Amino acid sequence: NVNELPSEFAWMAADVNEAEARAKRGKALAKQLGVKDVVVRTGASDPALALIEAAEAGGGDLIVTGNRGITQATRAIKGNVPNKVSHHAPCDVLIVHTTDG
């Protein structure tokens, strides 16, 4: 539970919870659009590294990442995710315009 964590760690858990919710919505949307093989992974790690490792491990053809959506605290620690992914991915990268909602 996010509310039981010390305040200096609560933002990390909230980010993971939000990531899981967004991943579920994204997977459902992809299936509605006819994409059959969607792999979703969430967790508390460096987001750019997680995307790159998932593409390498799963032989992914495309990484889709948003241009926004992480908190200022996360960005300060982990850097610009789309930038890192676009420079180090083993496959094509699609950076989509996103909102915080």
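Visitor: In which helix is Lys 84 found?
Guide: This is a predicted model. Lys 84 is found in helix α4.

Visitor: Is Lys 84 buried, partly exposed or exposed?
Guide: Lys 84 has a relative accessible area of 31%. Buried would require under 20%, and exposed over 50%. Lys 84 therefore counts as partly exposed.

Visitor: How many Å apart in space are Lys 84 and Ala 48, C-alpha to C-alpha?
Guide: Leaving aside neighbours within four places in sequence, Ala 48 is in contact with Val 81, Lys 84 and Val 85. Lys 84 and Ala 48 are 36 residues apart in sequence. From C-alpha to C-alpha, their separation in space is 6.1 Å.

Visitor: In what order do the elements of the chain run from the N terminus?
Guide: The chain contains four helices and two strands. Starting at the N terminus, the order is α-α-β-α-α-β.

Visitor: What share of the contacts with a separation of 6 or more is between residues 24 or more positions apart?
Guide: Contact here means heavy atoms within 4.5 Å. Among contacts in the chain with a separation of 6 or more, the share from residues 24 or more positions apart is 66%.

Visitor: What percentage of the accessible surface belongs to carbon and sulfur atoms?
Guide: Of the 101 residues of the chain, 15% count as buried. The accessible surface of the chain comes to about 7,100 Å². The part of this surface that belongs to carbon and sulfur atoms is 54%.

Visitor: Where does Leu 33 lie, and is Leu 33 buried or exposed?
Guide: Leu 33 makes a nonpolar surface patch of about 300 Å² together with Leu 29 and Val 35. Leu 33 lies in the loop between α1 (7-32) and α2. Its relative accessible area is 68%, over the 50% cut-off, so Leu 33 is exposed.

Visitor: How many Å apart in space are Ala 21 and Thr 42, C-alpha to C-alpha?
Guide: Ala 21 has its place in helix α1 and is partly exposed, with a relative accessible area of 30%. In sequence, Ala 21 and Thr 42 are 21 residues apart. In space, C-alpha to C-alpha, the two are apart by 9.6 Å.

Technical notes. Residues numbered from 1 in each chain as written. Predicted model: local features only at pLDDT ≥ 70, side-chain atom pairs only at ≥ 80, totals over all residues. Heavy atoms only, no water. Buried < 20%, exposed > 50% of the residue type's maximum accessible area, 1.4 Å probe, protein only. Areas by Shrake-Rupley, 256 points an atom, 1.4 Å probe, with all protein chains shown as cover. Patch = residues over 30% accessible without salt bridge, like charges linked within 9 Å, V, L, I, M, F, W, Y side chains within 5 Å. Salt bridge = Lys/Arg side-chain N within 4 Å of Asp/Glu carboxyl O.
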